[in-house]
Amino acid sequence: MIQSLIIYPLIFSTISIDKGGYEFVGGFYETSVGLLFPTVIVFALTMLHSKKQKWNFQEVKFLFVCIVIAFIYSYFTPLNASHQATTIGLIFFLQIFIVIYICKTYITGNQLVEALYDGLKIALWVEFLISVSYSIFGIYAIQTLFYSDAESEEWIREGTNIRRAYGTFGQPNRLGGFCALIYIFYLSCNLLNYHRRTSLYLAAISMFTILLSQSRSALFASVMSSFFLYVVVLYKKGIRVRKLMIGVIILCIMGLAALQLSIVRDMLFKSDVEEMEEARFMHYIMGWDILRMNHYMGVGMNAHVPYMLYKYPNMFGEFFNTRPIHNLHLGIFVETGLVGFLAWVYFLVSRIRKVLVTPMKKMNAPVLWFTYMGMLLIILIHGFTDLVYLHYQCLLIVMFVGAFYTTKKPM
């Protein structure tokens, strides 16, 4: 089920957004939805397992209730420009909740760690081999299996001389975001001595794949979250300040060494940074204008792109009106309004704080706790410039981990 996420696991499509003749890139999640492979395969657990795990609904209550309320609001607000788009988002979340409910009923947190470790390992090797063969060796054969236009539309950033890797995702930023989640998982495993040496190798491969995707935001978010994760884990272990400072110095040296690599230096300082900043800034203006016009009321889940297209036409041209705002946090603000945005901020802060204040001896599976904190930090940082983590593959992994990080039950 985890391995299937590297190839978009849509079995068949049932509902699509009416594009009205426009080249419509997507809503907040996707433009079409159907039955997804994880939803089907998860029912195998009900046949393979006879013993059920007891779990408390309180473990997922806050997020579940917030999402349910957001969708109820989305169907009743007159600001919603496409109930089709909202229905697509609803079907996505329903399937994610089904998968999480069955998994929490039949498997433990430690079993999930094992599944993530093995499943993401294979997924990572697939992405790494495709990326290296295409970006470094210029072999199109494997890459075109997953993105047919790779040869005719090879993406080389201005100022660089290396092709951006697409992996199985068909879009470099989505590859970078997915590998950032994999990276933080294996880094957590390494820091917590779970297959320590192998985990370090896998974290390094994840980072190298992010470099080949040339996603600056994913790279920056991964580095910053790993630094914070490293400090927190050592603090939880009771490591002395001297050893902590040595580790920080080593990380800084590694960062400076990375800047000596031409691929890193070129994509940060010689490529299309100003162009991308301008494009995102235009979208941010649109988002804030929508909020002000609607008195900070949301336009509906998965519906901000249809709103820009149908109710806010020709503000900056068709290109901007048919693409989602490349800011996850602003997108949530626009779609759910002030109340939804405050709930999102509370969710991020409360979950990260819970990891910081909970002793390790009370964590059911420490790898999941620190992975979840690291993933939320990546989403927090990377979310200011992209929304890749609200696509199904990333969303399912993050919600999986978040649903299974719990405190130990008293004996």
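This is a predicted model: local features need pLDDT of at least 70, side-chain atom pairs count only at pLDDT 80 or more; totals for chains, interfaces and linings use all residues.
S226 has a relative accessible area of 9%. Because this value is under the 20% limit, S226 is classed as buried. Setting aside residues up to four places away in sequence, the residues that S226 touches are Y183, I184 and L187. With Y183, S226 also forms a polar contact between side chains, at 3.3 Å.

When neighbours within four places in sequence are left aside, N173 is in contact with R164, S215, R280, D386 and V388. With R164, the side chain of N173 makes a polar contact of 2.9 Å. A further pair shows how sequence and space can be set side by side: N173 and I210 are separated by 37 residues in sequence, and their C-alpha atoms are 8.9 Å apart.

| From | To | Distance |
|---|---|---|
| S226 side chain | Y183 side chain | 3.3 Å |
| N173 side chain | R164 side chain | 2.9 Å |

**The nonpolar cores**

The largest nonpolar core holds 98 residues, and the members that touch the most other members are L120, F178, Y186, L368, F370 and Y389. Helix 7, residues 172-191, supplies the largest share of this core, with 13 residues. Apart from this core lies another one, of 15 residues, including L79, V299, Y312 and F320. As for Y389, its contacts beyond four places in sequence include G177, A180 and L181, together with L328, I378, I379, H382, C394 and L395.

**Helix 9 and helix 15**

Helix 9 also meets helix 15, which spans residues 328-357; the two axes come within 10 Å and cross at roughly 35 degrees. On the side of helix 9, the contact is made by F228, V232 and K236, and on the side of helix 15 by V355, L356 and V357. Which classes of residue make up this contact? Five of the residues are nonpolar, one is charged and none is polar.

Methods
Residues are numbered from 1 along each chain as its sequence is written. Side-chain values use heavy atoms; hydrogens and water are left out. Buried means under 20% relative accessible area, exposed over 50%, partly exposed in between (1.4 Å probe, protein chains only). A polar contact is a pair of N or O atoms within 3.5 Å; within protein, one must be able to donate a hydrogen and the other to accept it, and residues adjacent in sequence count only if both atoms are side-chain atoms. Contact means heavy atoms within 4.5 Å. A nonpolar core is a set of buried Ala, Val, Leu, Ile, Met, Phe, Trp, Tyr and Cys residues joined through side-chain atoms within 4.5 Å. Helices (H or I, at least four residues) and strands (E, at least two) are DSSP runs, numbered from the N terminus. Axes are lines fitted to C-alpha atoms, for helices over the stretch in contact, and angles run from 0 to 180 degrees between N-to-C directions. Ala, Val, Leu, Ile, Met, Phe, Trp, Tyr, Cys and Pro count as nonpolar, Asp, Glu, Lys and Arg as charged, and the others, Gly among them, as polar.
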